[in-house]
Amino acid sequence: MRDAAPTTIYLKDYTPFGYLVDSVHLTFDLAPNATRVTSRIAFRPNPDALDRQFFLHGEQLKLIRATVDGVEITPDVTETGLTAVVPDAAFVWEAEVEIDPGNNTALEGLYISNGMYCTQCEAEGFRKITFYPDRPDVMSIFTVRINGALPVLLSNGNPTGKGDGWAEWNDPWPKPAYLFALVAGDLITHPGQFTTKSGREVELNLWVRPGDEGKCAFGMEALKKSMKWDEDVYGREYDLDVFNIVAVDDFNMGAMENKGLNIFNSSAVLASPETSTDMNFERIEAIIAHEYFHNWTGNRITCRDWFQLCLKEGLTVYRDAQFTSDMRSAPVKRIHDAIDLRARQFAEDNGPLSHPVRPESFQEINNFYTATVYEKGAEVIGMLKRLVGDEAYAQALELYFDRHDGQACTIEDWIKVFEDTTDRDLTQFKRWYSQSGTPRVSVTEDWTDGIYTLTLKQRTDPTPGQSDKLPQVIPVAVGLIGANGDETMPTTILEFTQEIQSFAFEYTVEGWRLQGCEGPERVSGANPPKPTASILRDFSAPVILEHDQSSAERAFLLAHDSDPFNRWQAGRSLAEDTLIKMILTDAAPETDYLDGILAVLRDSDLDPSYRALMLGLPSQSELAAMMHEQGVTPDPVAIWTAVETLRQVTAQHVQDLLPRLHSETSIEAAFSPDAEQAGQRALGGAALALTSRLDGGAKAAEDYQRADNMTLQLSALSCLLRAGKGEQELNAFYDRWQDDRLVMDKWFGLQVAMSAPAETADIVSHLTGHPDFNWKNPNRFRAVLGALATNHAGFHRADGAGYSLLADWLIKLDPVNPQTTARMCSAFQTWKRYDADRQALIRNQLTRIAETPDLSRDTTEMVTRILN
Ligand code: ARG
Ligand code: ZN
């Protein structure tokens with residue numbers, strides 16, 4: 001039995017720990033299967049605590065000895081920790097434990113990846129390293145000594161000494177144990193340097209395994225840009241002499257913000273033009289920024305308890321999105337984020353795993369590192385900023401850093417700085433943190449006597465544990481457009497707070513304006529034509545907008561909306577409407593969509609990246625969700641067929657433009673992963689995909705041969721695979737890249753992603769038998785099984801082959817790596833959308849997983865929630 005029986009932890013039960021920690025000294029004697037960890041911890045009673053029970057967390061530790069003030073004691077040790085009798089005054093605790101990093105396949109605590117020692121402590125992994133009050137509100141100064149016969153020995157903070165086989169580190173900033181890190185291995189640095197705004201010289205290192213040196217330059221530049229940006233935009237300066245980043249191949253998540261020693265999944269930091277796509281580059285830049293920004297939002301100010309996770313994650317995601325918008329294109333970033341939110345967070349928020357941005361209970365906190373906590377958490381901050389304005393936001397953040405530096409905080413603290421800055425009552429706004437589910441906003445229009453009125457209605461469906469929902473504060477950004485396509489009212493924020501609320505607009509000498517606002521008087525007697533509303537501009541709130549517009553209106557907005565997000569949205573809505581009609585009635589694609597796309601593609605004033613986005617379609621899973629919402633049971637094969645047909649017809653419709661658009665992939669200048677070139681390649685690649693529908697892959701085969709960067713190579717290969725060709729190229733790709741783990745992940749994933757639905761499961765079975773399918777590596781596991789779960793029609797094959805295959809592998813992975821297993825269970829979260837036969841098949845698989853003996857706490861919680 002690996003885990004203790006599951007217990008549920010509640011936010012309302014929070015109490016402070018009975019002791020404060022003044023200092024922590026750790027000594028590591030590294031050995032693959034018997035690492036000794038000696039801890040010396042100075043405790044003193046916490047005057048703010050009522051409960052003085054001395055309980056230290058500890059799991060899978062072999063206690064060698066323990067002393068209190070030098071006197072040996074025998075604590076009461078259980079599977080989850082120990083209790084001991086201690087003085088009612090300051091005392092020094094010492095313990096020596098033995099751990100086995102070599103057999104730690106869960107990748108939590110101290111483990112070994114390719115001969116390199118590495119840690120992952122967030123959320124509750126430090127308790128697998130030594131006995132400790134492993135909770136984020138216990139903060140202390142850590143001094144670490146590492147003894148080990150490896151060339152590079154790293155921990156948090158500043159180096160204070162090193163010699164042959166040892167190194168010492170001191171972190172002067174009090175931190176919770178989840179930010180502890182240790183790395184030891186045969187590593188090479190790609191060095192860098194940064195001077196902070198007050199003149200502090202910071203040594204930067206990106207540590208990698210020998211062989212990966214050529215993939216560091218981009219990450220290092222991204223780090224410097226992040227450091228500069230946080231100074232310029234948030235006034236935040238770095239606070240240590242060194243900043244280390246380490247790349248590791250075996251990692252459950254993207255990366256981790258350990259103080260002064262960020263640890264990254266190698267897929268989230270290593271990049272080169274030959275091996276990485278433009279999407280990889282953009283993601284890497286964002287993750288490096290994200291982890292760096294945590295130094296202030298997460299580390300200097302941390303969370304009181306894990307229910308407050310969004311305090312650091314929502315804010316840090318918001319900050320990294322701002323960074324990406326500044327480095328690249330703000331509208332493109334916003335559109336990407338909306339696509340992602342709708343695909344992942346809306347699915348979560350409207351199914352059995354729905355939970356508030358600040359959850360109120362959990363069994364396993366690792367299951368709450370979710371799109372809701374991260375991405376919806378970031379959206380909530382975006383709304384707050386829209387409501388209070390940019391200036392007040394900046395002041396509130398200033399106050400937040402000032403008031404809470406060095407503290408472990410709550411969402412209440414966060415909201416309070418906004419209330420104190422603006423004198424606004426944010427009580428209702430706080431519902432965004434406590435209410436789960438995606439609000440639906442429906443719109444009706446009225447046009448009487450020259451007054452244009454929008455009536456908004458909000459409702460949120462019941463979600464697990466929350467049957468009744470209250471109205472939320474929704475900032476709805478609206479613009480009005482006149483008959484000639486000119487904007488007649490610039491973007492105006494409607495503060496929508498009631499269940500039903502009307503907003504009237506009147507015509508003035510300066511165009512339309514919200515009634516009751518300051519400004520010029522209504523022009524009486526004028527007889528303006530009815531305007532067209534552009535609603536929820538810039539995706540101003542994470543809601544589902546229900547606005548029955550005609551295709552003609554959508555086409556009009558697609559042609560004229562000055563808000564780039566809503567212009568894109570108009571095209572997306574046209575695509576959705578036509579696809580759903582095609583699915584339900586076998587109708588042909590609508591000309592409003594086809595002509596609209598054609599016009600956009602012709603408009604060479606538009607950014608290539610923006611035009612590429614316009615060619616995108618909603619995912620098949622989203623289409624299934626929309627049909628389900630409309631009361632129709634989605635048929636995955638029918639959805640797949642409609643998408644294929646629309647692609648084919650679109651290709652024919654825009655055929656004449658394709659050669660010119662495709663030529664965007666031929667860039668004369670040297671390769672750069674910047675937004676401009678990436679946009680050109682995205683448009684060229686989209687054109688290639690359409691071309692391949694017409695020429696059977698001839699152009700793609702040529703492109704594959706000439707490709708000198710991974711973006712083009714992969715897009716050509718995917719076109720070939722989609723066309724049922726490319727066997728030879730696939731083999732050539734394998735021969736060329738078989739020694740590069742990150743590129744091989746792409747090789748595995750692409751075959752699954754591009755497979756025809758009837759074959760997906762068989763291809764997955766085949767690939768899992770490949771000698772390079774190292775299933776204990778999370779990246780490789782996700783490359784194959786994750787791709788199965790996201791190939792909608794393939795996964796939902798009517799005979800259930802996709803379901804049972806995924807379940808087989810989850811059952812196999814669970815004892816090895818519960819975190820990654822539990823996370824991938826969410827592939828089943830949408831099961832109630834589908835027909836009775838598929839539901840029965842999925843239920844069988846979920847039950848089979850649930851009934852597996854010794855199933856981890858992580859996976860148990862997930863399948864139980866999904867089944868209920
Ligand atoms: N704090 C990390 C980040 O957002 C993620 C760590 C996730 N860890 C986990 N066990 N779920 O960058
Ligand atoms: Zn984070």
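Let's start with Lys-259, which is buried: there are 26 other C-beta atoms within 10 Å, and a residue counts as buried here once that number is 20 or more. Keep in mind as we go that this is a predicted model.

So where does Lys-259 sit? You'll find Lys-259 in the loop between β20 and β21, the latter being residues 261-265. Which residues does Lys-259 touch, if we leave aside neighbours within four places in sequence? The contacts are Asn-156, Gly-157, Asp-171, Trp-173, Lys-175, Leu-179 and Asn-299. Take Leu-179 as an example: Leu-179 and Lys-259 are 80 residues apart along the chain, yet their C-alpha atoms are separated by 5.8 Å.

Leu-179 also brings us to the annotations. UniProt, in an unreviewed entry, lists residues 105-179 as "domain: Aminopeptidase N-like N-terminal". In the model, that span is 51% strand and 0% helix, and its end C-alpha atoms lie 20 Å apart.

Now back to the strands around our lysine. β20 and β21 belong to an open sheet of 5 strands, in the order β17-β18-β19-β21-β20, with mixed pairing. Lying across β17, β18 and β19 is helix α1, residues 217-234, which runs at about 25 degrees to β17.

How many of its 8 residues are buried? The count is 7, so β27 is mostly covered. β27 pairs with β28 (residues 487-496) in the antiparallel sense over 7 bridges, and Ile-474 has Phe-496 as its bridge partner in β28. Together β27 and β28 make a hairpin with 5 residues between them, and Gly-485 in that turn has a positive phi of about 95 degrees. β27 is also joined to β31 (residues 532-535) by 4 bridges, again antiparallel; there, Gly-479 is partnered with Ser-534.

Thanks, everyone!

How values were computed
Residues numbered from 1 in each chain as written. Chains lettered and ligands numbered in written order. Predicted model: local features only at pLDDT ≥ 70, side-chain atom pairs only at ≥ 80, totals over all residues. UniProt positions renumbered as here; feature names shortened; annotations may be inferred. Helix = DSSP H or I, 4+ residues; strand = E, 2+ residues; numbered from the N terminus. Pairing = 2+ DSSP bridges. Contact = placed C-beta atoms within 7 Å. Axes fitted to C-alpha atoms, helices over the stretch in contact; angles between N-to-C directions. Buried ≥ 20, exposed ≤ 12 C-beta atoms within 10 Å, placed from the backbone.
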